[in-house]
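Welcome! Open the model in your viewer, get your selection tool ready, and let us walk through it one stop at a time.

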Amino acid sequence: MSTTSTSALRRILLAALWLSAAAVADETIVDFGGHSKTWLLADGYPEDSAFHQLTGDGAASLQQELRLNLRIDKGPWGLDAAWQIFGTWGDRVELLREASDASLPGIVFPPNDDRRLMNLTDSLYDEGKLVAVHRLDRLAVTWSGDKLVVRAGRQAISWGNGLAFAPMDIVNPFDPATIDTEFKFGDDMIYAQYLLDSGNDVEFAHVFRRDIVSGDVESVESTTAAKYHGIIGDAGFDLLVGRHRGDATIGIGGNKSIGGAVVHGDLVWIDTDSGSRLQFVTNVSYSWVWGGRNVSGFAEYYFSEFGQRGGRYDLDSLSQNTELLERLARGESFTLGRNYLAAGATIELTPLWLLTPNLFANLDDGSALLQIVTRNSLSDDVEFLGALNLPLGPNGSEYGGIGTPIPGVYLSTDFSIFAQVAWYF
């Protein structure tokens, strides 16, 4: 564990505690809470899977997380801080560590702040089947006026109109198949929002990042963007202009209510060193009553010119698509192909039990991921979240398992299980 970063974390936590005590004495508004989450992850592997050769029929891990959230407000000023500590034990730890060491796209384990401005993440233990990490996931100061909000520090933002895929969310999008979406990992940025008299608003964000090799803060790694949100009648629209990791980025999107349904869409143009690339998403969402139960559903189409042509997803073919691999490694893209359909529905079986089946389909190779999520409120403070992921498709397809340099061996799984109990305080 780094002595320098540990000392920095200690100073920041002590400062937050001092501010909290001072705030109480000064009758400043203080909000403190958090959660504890325990979850199990388990994967099953077929015999022709590269993972089977490493761990056998399956691998599992047990993770425990504690998150403490602190909010202090005094007049126009505010402080947001969130500290996390989590430990993971099991066969999946060794598997993820090997995948990260092998530089498989999109896998960084254990998580770190190598690309961020501030190093607020530390590995407490990383050996064998056990990893323990603590980090400050939020640390931001906010000034709020009548029409202007300015926030600086580690924080998270969400832009765009995609429900599963979010090409306009250029800073830190969620993986469409993410099960627990309560919090995004924060990034180090300056953010501002200005409210116009018309009710429209303008948002600005500048995200500081480091070069992964040199460790220096580089403008070519950073993101600067402005987004204008307007309303015309019952329709909303967004205009995005920015420079993201050296690439000029322009986006236009919107949403409109049509016959009880809501239609959303985004079109994003990126000017890369290899030429311009388009990303497009459109969806429709609708709510209804079925058999006396409330249901809300959506269907979404997504297109990305960063994806592979021709459905060739083996590692040798992917190695030629450096733009896609870079976006996968940075957590900006989560798919290998070009054309996708996502659909899902949330069914209120009881007021305390929600069932959500989702499907993510690659239209180029016919493979898909079927996901069934259940969310149960066990009490006022305790919730259960569970999911079953079933990859569908033949070997060599994206969800069926892409090929490896070893003939007849694939990066494939039979199923994945997620089970989590969360306690809020």
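**Stop one: aspartate 201**

Select aspartate 201, which is buried, with a relative accessible area of 10% (buried means under 20%, exposed over 50%, and partly exposed in between, using a 1.4 Å probe and protein chains only). You are looking at a predicted model, where local features need pLDDT of at least 70, side-chain atom pairs count only at pLDDT 80 or more, and totals for chains, interfaces and linings use all residues. Residues are numbered from 1 along each chain as its sequence is written, and side-chain values use heavy atoms, leaving out hydrogens and water.

Aspartate 201 lies in strand β8, residues 201-207 (strands are DSSP runs of E, at least two residues, numbered from the N terminus). Which residues touch aspartate 201, beyond its neighbours within four places in sequence? Show Gln193, Tyr194, Leu195, Leu196, Lys227, Tyr228 and His229; contact here means heavy atoms within 4.5 Å. Now pick tyrosine 228: 27 residues separate it from aspartate 201 in sequence, yet their C-alpha atoms are 6.0 Å apart.

Next, select β12 (residues 261-272) and β13 (residues 275-290), antiparallel strands joined by 11 bridges. Strands pair if DSSP finds at least two bridges between them. Find valine 262, with serine 285 of β13 opposite.

Finish at glycine 291, which takes a positive phi near 60° in the hairpin of β13 and β14.

Definitions and conventions
Helix = DSSP H or I, 4+ residues; strand = E, 2+ residues; numbered from the N terminus.
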